[in-house]
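Dear colleague,

I am handing over the structure below, and my notes on how its chains meet follow after it. Please read the notes with the model open beside you.

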2 protein chains.
Amino acid sequence: MDTKEQLKRFLEPRSVAVIGVPRRTGVGDNVFENLLHFYHFSGRVYAVNPNATEILGHRVYPSIKEVPEVVDLAVLMVGRAAVPAVVRQCVDKGIKALAVTAQGLADSDEEGKRLQAEIVGIAQSGGARVIGPNSFGVANVFNGLNTAFIRSEMHRVPIGSVIQTGLFFNSKFMLVGKGVDIGNTCDIDFADCLEYFEHDQDVRLIALHIEGIKDGRRFIQVASRVARKKPILALKPGRSVKGANLTQSHSGSLAGNDKVYDAVFRQCGIIRVADVEELADLARAFVRLPPMRGRRVGMLTASGACAVMAADACQSYGMELAELSPETRRLITQVSPPWARPGNPIDLVPSALIQGLGTQEAFRLLLNALLRDKGVDGVIFVMPTLATQKGTWDVSAQASDAANSFPEKPVVCWLSNPRLNGSGDLYEQNSKVTVFPSVERCVRTLARLYQYHHLCEEQRPEEATKVE
Amino acid sequence: MDTKEQLKRFLEPRSVAVIGVPRRTGVGDNVFENLLHFYHFSGRVYAVNPNATEILGHRVYPSIKEVPEVVDLAVLMVGRAAVPAVVRQCVDKGIKALAVTAQGLADSDEEGKRLQAEIVGIAQSGGARVIGPNSFGVANVFNGLNTAFIRSEMHRVPIGSVIQTGLFFNSKFMLVGKGVDIGNTCDIDFADCLEYFEHDQDVRLIALHIEGIKDGRRFIQVASRVARKKPILALKPGRSVKGANLTQSHSGSLAGNDKVYDAVFRQCGIIRVADVEELADLARAFVRLPPMRGRRVGMLTASGACAVMAADACQSYGMELAELSPETRRLITQVSPPWARPGNPIDLVPSALIQGLGTQEAFRLLLNALLRDKGVDGVIFVMPTLATQKGTWDVSAQASDAANSFPEKPVVCWLSNPRLNGSGDLYEQNSKVTVFPSVERCVRTLARLYQYHHLCEEQRPEEATKVE
């Protein structure tokens, strides 16, 4: 059976047995209950616990042996000492996919390392694959699968995540359309999951949280291929000495030399992110926005101060403020007082207030002009966060219309608020306009979109000359 | 009259005349209407517009001459060409505080520069001070003053802001308890405002947005003194060549050499922030949190992955993960499975789930132990964002109790969500616990709190030896 079929048992199981289901329900940490009543898993679920006979009106089986079918996936939620025996039972029953949640294996002492090796040996002898240990297991919003013991909001995002912390299942990151917490990575690893997501129609973007990669050669081989089909983002902490040591006690990973990781990511075409915020920014950007086909940023702003910030950020991220075409400059001149210089970034206020066009009409005219300009590859606008959504400063409809009229160019914005809030939703709900919490993050996002576009174009030089 | 008295007319006026009030109401951009019905300004307000006689049932005066008192503050909302004549009228009437909103002065062409010089000359001849031009004016949440032409939420925060963009009045930054947009800074400048806020009982923190400082010597003299009484944060964009050029056309400022600014801020003890997000983070932190008295960070986390991120961030920001005392280590050992290593950061999950203490009880015990530890100067905790606020993973009450029991140590957290949301409010509402959108920003904030504490201690060496 190839990796794809093996991973399918984990992510698209027709049936799941949860071994070690707690008896307590109603507080959100019972995976059996969550699958049935919170995530509404589309397949069959069996509860296993030798100390219970019934949970929520469902039969509980004393061991996996009594479960009336060979489930696609067994989730082992038992303490570390019990894992080898339960793995043996699963293997004996013919189960081929095992998610092991227990902590205290290679992430801890010598006994833990020994146990982990034993688990791997038993699984391999039965032809079973293992996710974990020290893992939250798997999640798939499309079929209601989530084996984490915390309830979390799931969103139908076309993102496949491979991570070494379950915490990322349990957030509003919106990173996990489908997710695999490979934990200590005793068997299933990054390359396996990349190969699976490569062909998964539900997945358009892949996000990695990496503490350590064991088989670097295979990773490079697979990732280099996949990254050119679907963008891959990677968060790789452990740069510091102390951080590297902690990866050892967290997931039993060798953090490795950070410079080597940097080089590997570059070689593969993986976009390395600085932190969880960039990860979340880019996940949203790649899902919502069209490619950024060049470095040239156009900007429309209600504050000249933000133009300065954008210029600094463009320099930091290798982007440039676009030179506007004579046509665009002519239009700006027409709607500006005589003393205004028609350049990029465009200050909205003189046209809106001094020339009396009104904010909405000035915004509409100028944003469309920027998007129409062939010298502009993508646009940032800055508007104030509104105390009330009614009124002349709400230009969300105009932004949405303009973005929809020029679907081939990304439109991003900052709403003068470093804490995202309801204003953002207003701008995002009916369009591809995407809101970020600072001008710098708008620029960084466009830069990463461009970086990825450039990677893909490198393979098609005949097209590259056309769009560059 | 000294600067303090002059600034008082701007920020605590008993009466305000708005010259150039638009006739249109109901869409949020009428300053006269906003002062009366949105901000509920506590003083008297007069509307001036030669083309109107009544707005919202209030008499409109054809010019400032007819206004029946010598107002404390006149806000000039007229086009650039009209400003000198109106300034003359104000001066003739004896008004001593003028806020000029017009764009197109030193921020634009030669004619604009000439007009600005003319404005300054007329004001000086009458002993009047000028804020602006190219300014949103002033704001003061304590008396309902806000002369920006956009409605914005105001919050009663003990923060005085001096900025060169009105956009920062109009956000949910919560930067502006009192604010002055000095715009082109033809007269009132940073040093004047710093001196005012130095003695303002409503202000505990000062935030600056700087495009350029004209009188560097005086700024250093004043800021060095004030920074040791109240923390001063500074955002200074314009590092790049293009950014520096844009400050010229935005506020008519000379951006100057960025390295010089860096040195000036260091010399004064001003905390320079990287961007609006750090500005907002630190504003919240300094207002909500006690000092960080050393570099030693304690951490309690639901994810070992975040421990790695924290270690990296500590290295970046000059902080260190605390060595725990034998007592604390003993407590951890007592509530952990035998294979767990009792170190810092503390992993919550083994105690909570494997030892069966439950999340809330384990969290309570461990957070209190960290705060009690004399080797820990401040604490970060990481918990999952919750899909539902009920349930065992909601530890907001425990966090609040612990933070209140140890009021001398800052407690900050990340809730596994890079977009701040309702979960944050839950943790912040009844305590000083302060939520940030990443582990890195938690660490950075503690580092800046420590940096400021260290600055203040430098002046008191006998105390410094005690707390270091």
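**The interface between the chains**

Of the interface residues of chain B, 100% are also interface residues in chain A, so the copies meet through the same surface. This is a predicted model, in which local features need pLDDT of at least 70 and side-chain atom pairs count only at pLDDT 80 or more, while totals for chains, interfaces and linings use all residues. Residues are numbered from 1 along each chain as its sequence is written, chains are lettered from A and ligands numbered from 1 in the order in which they are written, and side-chain values use heavy atoms, with hydrogens and water left out.

In contact (heavy atoms within 4.5 Å) are 85 residues of chain B with 85 residues of chain A. Together the two chains bury about 6,600 Å², 63% of it on carbon and sulfur atoms, where buried area is the accessible area (1.4 Å probe) lost on being put together, summed over both parts.

The rule finds 4 salt bridges across this interface, each defined as a side-chain nitrogen of Lys or Arg within 4 Å of a carboxyl oxygen of Asp or Glu. Arg441(A) and Glu277(B) form a salt bridge through their side chains, at 2.5 Å from N to O.

Best regards
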